Amino acid sequence: MTSNNIKLITTYYAANMMELRAYTNKILNDEEEAKDVVQECFVRLVALQQPILPATLPAMVHNMVRNMAVSMVRRRAIVREYQKVQSAASLRSAEHLEARIVASDLMALLAERIAALPADCRTIYEMNLYDGIKVSEIAQRLNVKYKYAEKKLGKARQEVRKALRNVG
């Protein structure tokens with residue numbers, strides 16, 4: 001880098017620093033980051049090995065500052081989106097865990113209530129609920145009348161509903 005380039009960049013920086021910070025701050029809405037972007041832009045300009053013409057310096061600086069600021073805005077948006085996704089995922093995970101716990105508790109309560117049923121009601125209810133057997137087939141298998149099996153199933157359902165009514 002020639003001393004002419006350094007002198008040109010230093011002079012331009014001193015004369016336009018405040019304007020560039022204000023311009024960058026409009027994009028970023030953060031004064032500290034705006035200062036950092038403008039400073040980084042000029043550090044990169046000083047590090048350039050190519051000669052810089054006084055006529056092209058203002059456009060070059062504005063383009064660099066704008067591009068760096070827009071890149072920061074994009075990074076912020078990506079970070080916000082990532083955080084939103086992470087937050088939603090953890091919320092879904094917590095809801096899933098809570099639902100599993102509630103379902104487990106509900107199943108335990110249901111099993112407890114079914115176990116408390118009278119033996120004949122419990123047998124008919126379990127055959128209907130777990131095995132999916134219709135009342136007519138239950139009556140045949142247990143060698144009881146259809147109305148008896150239907151009445152015992154109704155009584156079992158009523159008892160289970162009553163026990164589960166206050167859950168939730």
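## How the labels were reached

Colleague: Why does Leu-48 count as partly exposed?

Modeller: Leu-48 comes out at 27% relative accessibility. Buried means under 20% relative accessible area, exposed means over 50%, and partly exposed is in between (1.4 Å probe, protein chains only). The 27% falls in between, so Leu-48 counts as partly exposed. Leu-48 lies in the loop between α2 and α3.

Colleague: Before we go on, what kind of model is this?

Modeller: A predicted one: local features need pLDDT of at least 70, side-chain atom pairs count only at pLDDT 80 or more, and totals for chains, interfaces and linings use all residues. Residues are numbered from 1 along each chain as its sequence is written, and side-chain values use heavy atoms, with hydrogens and water left out.

Colleague: Okay, what makes Asn-29 exposed?

Modeller: Its relative accessibility is 68%. That puts Asn-29 past the cut-off, so Asn-29 counts as exposed. You'll find Asn-29 in the loop between α1 and α2, with a positive phi of about 60° although Asn-29 is not a glycine.

Colleague: And why is Asn-143 called exposed?

Modeller: Asn-143 has a relative accessible area of 70%, so the label is exposed. Asn-143 is in the loop between α5 (135-142) and α6 (146-164). Asn-143 also has a positive phi of about 60° without being a glycine.

Colleague: Then there's Asn-128. Why is Asn-128 counted as buried?

Modeller: The value for Asn-128 is 18%, which is under the limit, so Asn-128 counts as buried. Asn-128 is found in helix α4 (residues 119-131). Leaving out residues up to four places away in sequence, Asn-128 touches Ile-133, Ile-138, Leu-153 and Arg-157; contact here means heavy atoms within 4.5 Å.

Colleague: How many helices and strands do you get?

Modeller: Six helices and zero strands, so the pattern along the sequence reads α-α-α-α-α-α. Helices are DSSP runs of H or I with at least four residues, strands are E runs of at least two, and both are numbered from the N terminus.

Colleague: How does the radius of gyration stand against that of a compact globule?

Modeller: The protein has 38 Å, whereas a compact globule of 168 residues would be near 15 Å. The radius is taken over C-alpha atoms, and the globule rule is 2.2 Å times the number of residues to the power 0.38. Along its principal axes, the C-alpha trace spans about 110 × 25 × 20 Å. Leu-48 and Ala-89 are 41 residues apart along the chain, and their C-alpha atoms are separated by 45 Å.

Colleague: What makes a set of residues a nonpolar core?

Modeller: They must be buried Ala, Val, Leu, Ile, Met, Phe, Trp, Tyr or Cys residues, joined through side-chain atoms within 4.5 Å. The largest such core has 17 residues, and those with the most contacts inside it are Leu-20, Cys-41, Phe-42, Leu-45 and Val-61. Helices α1 (3-28), α2 (31-47) and α3 (57-115) each supply at least two residues of this core. Helix α3 gives the most, with seven residues. Apart from this core lies another, of 15 residues, including Cys-121, Ile-138, Leu-153 and Ala-156.

Colleague: Which residues does Val-61 contact, leaving aside its neighbours within four places in sequence?

Modeller: Val-61 is in contact with Tyr-12, Leu-20, Cys-41, Phe-42 and Leu-45.
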